[in-house]
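Hi,

Here is the model I promised to pass on. Have a look at it first, and my notes come after.

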Amino acid sequence: MNANADQQLPVPSPSVSPSYAADRLARARRTAATHPDTATRERAATRIRKWQDVLSGMARGTLSVGSRTPVAGLPAWVTPDVVTGGFATGAASAGGPLLPHEREAAREAGVPATRAALFAHCLTEDGLRGLWALLDSGCYEVHLPEEAALATVAWLVRAGDFEVAAELVGLLEPFADRLRFTPRPAERPAPGVDSVHRWTVGEASAALARRRPKAAVETQREALAVWRPFEDELLTHRLEARDGTPGPHWHAAGAALLARYGALAAEHTRCTKHLDPKSNAAVLRRALEEQVAGRALTPRLGGLLEVAVTSMVAKRGLPGSAEHVRLRQVQARQAGLPAHHALAALVLRRISRLDQDGGTPDVESPLVPVTAQEARETGLPAGAAIPPAIGAAVAGALSAPLEVLVERGVVPSAEVLAGLVPQLVAAVTADRYADAALRTLVAATYRAFRNRRSLLLLDLEHQVRIDELPWIRAVSGHRGSREDVQEPAHEAVRRLGELAVRAFPATLLPNPLVRELAQLAGQAELGAPFVEELAADIFTGSFTPKFLVAARVAAELLDGSLYARYYGIDYAAVRRMAVARAADRAAGVNRARTAPDFARMCADRAGSGGSWGTAANGTVIEQAQILTTHNLATLVARAGIAPLPGWAGLADDCFDAVCRSVARVEGNPRPLPAVKDAAYAWRQMLFHLSLCGEADRRAALARIDAEAALRPAHVRARLAPALAGLRLVAGGGTFGPDGTADGGGARRLLGWSTDGHWMCRVEVPGRQEVPRR
């Protein structure tokens with residue numbers, strides 16, 4: 001069960017089963033009891049306490065899971081503590097014990113170390129002056145939206161807006177003893193918004209500090225540096241005895257070898273192969289022990305000794321031979337390579353001088369090879385290169401424009417991109433305020449608000465929006481004109497939309513990114529209906545009207561296109577439905593919170609027949625995504641995106657993603673997620689192909705066929721029906737009502753199925769495919 005962004009749909013029962021929470025609690029207990037890593041066990045213990053709080057609150061009735069106000073006594077604007085799946089624990093994120101900066105503030109103010117006392121102090125003349133100083137310097141941080149509340153009061157007082165300030169204080173005061181309403185002092189202002197970073201330097205430092213010696217690597221290093229050379233000595237010593245009867249000198253050297261073995265075994269304990277009595281080295285050592293002790297070798301031991309010597313020489317050559325020397329030189333170089341954890345410690349030392357609370361524009365300098373000075377100080381070899389795995393930790397702290405981070409691979413997915421976008425959107429949102437200090441405060445509030453985890457919501461409830469925060473409402477009268485922000489917001493939508501589609505053309509826009517695009521589109525007044533991906537496990541067949549509006553936008557763009565013909569969409573019917581609803585609303589007739597006609601169209605297209613269940617729900621939701629193009633048409637028609645390298649190039653990238661997803665079906669005991677990923681990428685590909693010119697589309701289709709022919713047999717076999725269907729529609733043909741054509745050889749590729757997916761039943765040449773569901 002998971003949480004959606006702005007769109008949750010009603011379930012038959014007003015309550016949510018506690019089984020999900022109970023399952024999560026059981027998982028956390030298993031992890032806390034069995035995981036070998038101490039830090040992981042500690043995190044699991046924290047999760048145990050939170051899931052216990054969830055279950056306890058549900059049992060007592062103090063938690064209303066599925067509501068916008070899940071915690072009794074807390075208004076919607078209070079940030080709840082939320083765990084996986086959108087379950088509130090019953091605690092407020094801004095509650096709990098006082099933090100160090102609060103205790104320090106109470107000490108400096110000479111007031112009791114309580115939140116109520118701090119709240120009261122902030123409303124005094126001295127307290128307001130302190131908040132004004134923070135506002136002017138910008139040297140503060142807002143981790144939770146509530147931490148901006150009293151700073152907003154101070155700004156309103158300075159602006160002379162006393163009545164609104166007093167009203168805001170009245171809303172906050174009932175929670176003054178429980179919640180943290182003051183910002184956290186910082187050494188420097190927040191960085192500008194032209195550049196963003198995925199990790200702070202401090203987070204990169206923590207990742208480097210966690211690097212520890214790897215047992216397998218250090219074991220191999222010991223084997224190459226200690227035990228292989230010792231085996232050579234044993235073998236050389238044994239070969240000296242084969243030329244004649246061993247003399248006193250040979251016995252004395254043998255005794256010394258055995259003594260050194262004891263010392264080596266006591267000091268170097270990682271590699272244990274030398275302890276294996278069947279190993280060649282152990283046979284040589286055992287024979288030497290017998291002879292040094294003056295005992296004759298038994299026939300069996302003598303035979304084993306002969307075999308061991310012969311095999312060692314045959315495998316590596318005689319010690320001292322050119323072949324043997326080359327091998328040992330290579331192994332010595334390998335053993336002499338510096339350990340990754342030692343190089344990580346060096347890089348950590350290099351970046352320790354940087355600001356740990358932000359990113360860095362220079363991630364090359366910390367990754368240069370070991371210098372001569374560093375070699376003298378650390379014992380690492382001069383000129384040793386920093387491995388890519390260590391470099392990746394530092395690269396994640398690169399501070400640069402989003403486009404640069406995507407180009408360098410620092411942003412590997414649309415989900416990561418969505419996590420970086422709020423900083424840019426915060427700047428656009430705050431630009432409507434004329435006062436610089438207020439702009440900084442609003443931007444900080446927005447960034448903190450976007451860290452708020454989504455709740456599990458039912459009955460068409462939407463997540464709390466930033467304008468519902470009392471302190472944001474309080475300063476709404478100080479915004480500039482709408483025109484001042486419309487163009488920047490429109491440009492930001494276009495920029496982010498192009499970046500997401502160009503970088504991740506085969507991926508659905510994740511809900512957090514959809515939220516940011518919707519926020520910007522609202523400021524730009526684009527009339528752009530951005531829709532979220534809905535959760536199949538709690539879906540009950542209802543859609544809000546914006547889904548119908550989004551489908552109409554798609555109809556305007558795609559009617560008669562390859563996309564519409566492939567999916568058999570009657571976009572004329574969609575337009576009639578949307579026009580009728582708009583007319584009803586204009587006449588005051590239809591004020592419903594749902595679009596039942598659109599929902600019926602999706603259900604009819606899915607052939608669900610009103611059935612209930614995750615798979616059946618998924619088929620209906622997929623049809624809604626098909627009709628709306630899941631925001632692609634909105635980005636093109638309303639935001640005006642035109643991403644490079646052009647639509648044909650994006651289609652090529654999508655087909656590559658399709659092939660990679662289909663390849664994961666082979667041998668997969670749970671293949672359906674891979675099939676769904678393939679179907680979603682296929683749909684994105686069809687959208688991109690539909691926006692190509694005719695010549696570009698023909699060339700792209702030819703490239704798809706050629707690329708498919710190069711894939712492994714199991715990929716070709718599973719893709720063959722889908723490719724046949726694509727060729728059929730591109731040539732003017734159509735699918736039958738069941739999504740097949742040409743005697744069943746051509747199939748429409750969809751992601752969801754209620755009776756097992758056909759792609760999992762395809763027979764791969766050379767073997768019989770086992771049907772899977």
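This is a predicted model: local features need pLDDT of at least 70, side-chain atom pairs count only at pLDDT 80 or more; totals for chains, interfaces and linings use all residues.

Numbering starts from 1 along each chain as its sequence is written, and side-chain values use heavy atoms, with hydrogens and water left out.

**Charge pairs**

Side chains of opposite charge can pair when their charged atoms come close. I counted a salt bridge when a side-chain nitrogen of Lys or Arg is within 4 Å of a carboxyl oxygen of Asp or Glu. The search of the whole structure gives 37 of them.

One joins arginine 68 to glutamate 468, at 2.7 Å from N to O. Arginine 68 sits in the loop between α2 (38–60) and β1 (80–83), and glutamate 468 in the loop between α19 (436–450) and α20 (470–474), so this pair ties together parts 400 residues apart in sequence. (Helices are DSSP runs of H or I with at least four residues, strands are runs of E with at least two, and both are numbered from the N terminus.) Arginine 68 is buried at 14% relative accessibility, whereas glutamate 468 is partly exposed at 24%. Here buried means under 20% relative accessible area, exposed over 50%, and partly exposed in between, with a 1.4 Å probe and protein chains only.

Another salt bridge links arginine 450 and glutamate 516, again with 2.7 Å from N to O. Arginine 450 belongs to helix α19 and glutamate 516 to helix α22 (residues 511–524), so parts 66 residues apart in sequence are tied together. Both ends are buried: arginine 450 has a relative accessible area of 17%, and glutamate 516 is at 2%.

Arginine 494 and glutamate 498 also form a salt bridge, with their closest N and O atoms 2.9 Å apart. They are 4 residues apart in helix α21 (residues 483–503), or about one helical turn. Arginine 494 is partly exposed at 24%, and glutamate 498 is buried at 15%. There is a network too: salt bridges with shared partners join Asp656, Arg660, Glu707 and Arg711.

**Cores and a helix**

By nonpolar core I mean buried Ala, Val, Leu, Ile, Met, Phe, Trp, Tyr and Cys residues joined through side-chain atoms within 4.5 Å. The largest has 195 residues, and Phe543, Phe598, Phe655 and Trp682 touch the most other members. Leaving out residues up to four places away in sequence, tryptophan 682 has contacts (heavy atoms within 4.5 Å) that include Tyr566, Phe655, Leu726 and Leu749. A second, separate core of 23 residues includes Trp227 and Phe230.

Helix α30 covers residues 672–690. Of its 19 residues, 16 are buried, so the rest of the structure largely encloses α30.

**The hairpin**

Strands β1 and β2 run antiparallel and are joined by 3 bridges; strands pair if DSSP finds at least two bridges between them. Valine 82 has alanine 88 in β2 as its bridge partner. The hairpin has 3 residues between the strands, and glycine 85 takes a positive phi near 90°.

Threonine 89 is in strand β2 (residues 87–92) and is buried at 6% relative accessibility. Beyond its neighbours within four places in sequence, threonine 89 is in contact with residues including Lys50, Asp53 and Asp81.

Cheers

Note on methods:
The expected span of a helix is 1.5 Å times one less than its number of residues.
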